[in-house]
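Here is a short report on how one protein chain packs.

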Amino acid sequence: MTAETFEAATGDGPAPAAPDGKRAAEVRVAFEGLMQIRRLTNTDTDAPEAVPAPWEINQVVRSVALALEAAGIATSAVDAAGVRTTTGYRVSAGERPGTARVEWLGPPGSGAAHEEQEALTGCAAELGRLGWTALMYRGPRRRRFLEVEPPASARPR
């Protein structure tokens, strides 16, 4: 018997499928663990849960994906052939080291492009609540995306 490790949904894999609310419980436990890491490592602030911990800063994509999934925001997914099957967020490495990129993607014809501003604004609000800096930009074909990074006070010097 092999133990599976928890991976937050980034939107580049299959839709998380866990029976009987098992996935929701796994996400909740992982997020609570993340908040505990913040409480234990951010001892130099009055609000340790409001600032990303060093562990998160070293794993920005995983941390951002966990924050979005824990907030109940829909994740995109792809099938075995790499074709997008659901509409939601996709988190990938940003152009600069230590950053993540959040896009709102869906299958062709899904209307994801029309939803992206509102959806990404919601993602940015959730990430901001958790201490991340999330700025919205327009990329190729005028599609919006978020660039997410830790606040200046939490970045390694």
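Contact here means heavy atoms within 4.5 Å. The model is predicted.

**Helix α3**

Of the 11 residues of α3, 8 are buried, so the helix is largely enclosed by the rest of the structure. The buried ones are V60, S63, V64, A65, L66, A67, L68 and E69. After α3 comes G72, with a positive phi near 80 degrees.

**The nonpolar core**

In soluble globular proteins, nonpolar side chains tend to be buried together. The largest nonpolar core here has 28 residues. Within this core, V64, L68, V91, V102, L127, L146 and V148 touch the most other members. At least two core residues come from each of α1 (22-41), α3 (60-70), β3 (88-93), β4 (100-105), α4 and β6 (144-149).

V148 shows how these parts meet. Leaving aside neighbours within four places in sequence, V148 contacts V60, V64, G98, T99, A100, V102, L127, W132, T133 and A134.

**The β3–β4 hairpin**

β3 and β4 run antiparallel, joined by 6 bridges. In one of these pairings, Y89 has W104 of β4 as its bridge partner. The two strands form a hairpin with 6 residues between them. G98 sits in the turn and has a positive phi of about 80 degrees. β3 is mostly covered, with 5 of its 6 residues buried.

**Charged side chains**

How many salt bridges does the model hold? The count comes to 14. The table lists some of them.

| Salt bridge | Closest N to O |
|---|---|
| R23 and E69 | 2.8 Å |
| E103 and R101 | 3.6 Å |

Take R23 and E69, which form a salt bridge. R23 lies in α1 and E69 in α3, so the pair ties together parts that are 46 residues apart in sequence. Both R23 and E69 are buried.

Salt bridges with shared partners link D12, R84, R90, R101 and E103 into one network. Why does R101 count as buried? Buried means under 20% relative accessible area. R101 has 19% relative accessibility, so R101 counts as buried. E103 is buried as well, because its relative accessible area is 15%. R101 has a further neighbour: it lies over the face of F145, at 3.7 Å from the ring centre. As for pairs of aromatic rings, the model has 1.

**E126 in α4**

Where is E126 found? E126 is in helix α4, which spans residues 112-129. Is E126 buried or exposed? At 16% relative accessibility E126 counts as buried, because the cut-off is under 20%. Beyond neighbours within four places in sequence, E126 contacts A67, A71 and I73. Of these, A67 is one of the buried residues of α3.

Note on methods
Residues are numbered from 1 along each chain as its sequence is written. This is a predicted model: local features need pLDDT of at least 70, side-chain atom pairs count only at pLDDT 80 or more; totals for chains, interfaces and linings use all residues. Side-chain values use heavy atoms; hydrogens and water are left out. Helices (H or I, at least four residues) and strands (E, at least two) are DSSP runs, numbered from the N terminus. Buried means under 20% relative accessible area, exposed over 50%, partly exposed in between (1.4 Å probe, protein chains only). A nonpolar core is a set of buried Ala, Val, Leu, Ile, Met, Phe, Trp, Tyr and Cys residues joined through side-chain atoms within 4.5 Å. A salt bridge is a side-chain nitrogen of Lys or Arg within 4 Å of a carboxyl oxygen of Asp or Glu. Rings of Phe, Tyr and Trp (its six-membered ring) pair if their centres lie within 6.5 Å; planes under 30 degrees apart count as stacked, over 60 as edge-to-face and the rest as tilted. A charge sits over a ring if NZ of Lys or CZ of Arg is within 6 Å of the ring centre and within 35 degrees of the ring normal. Two strands pair if DSSP finds at least two bridges between them.
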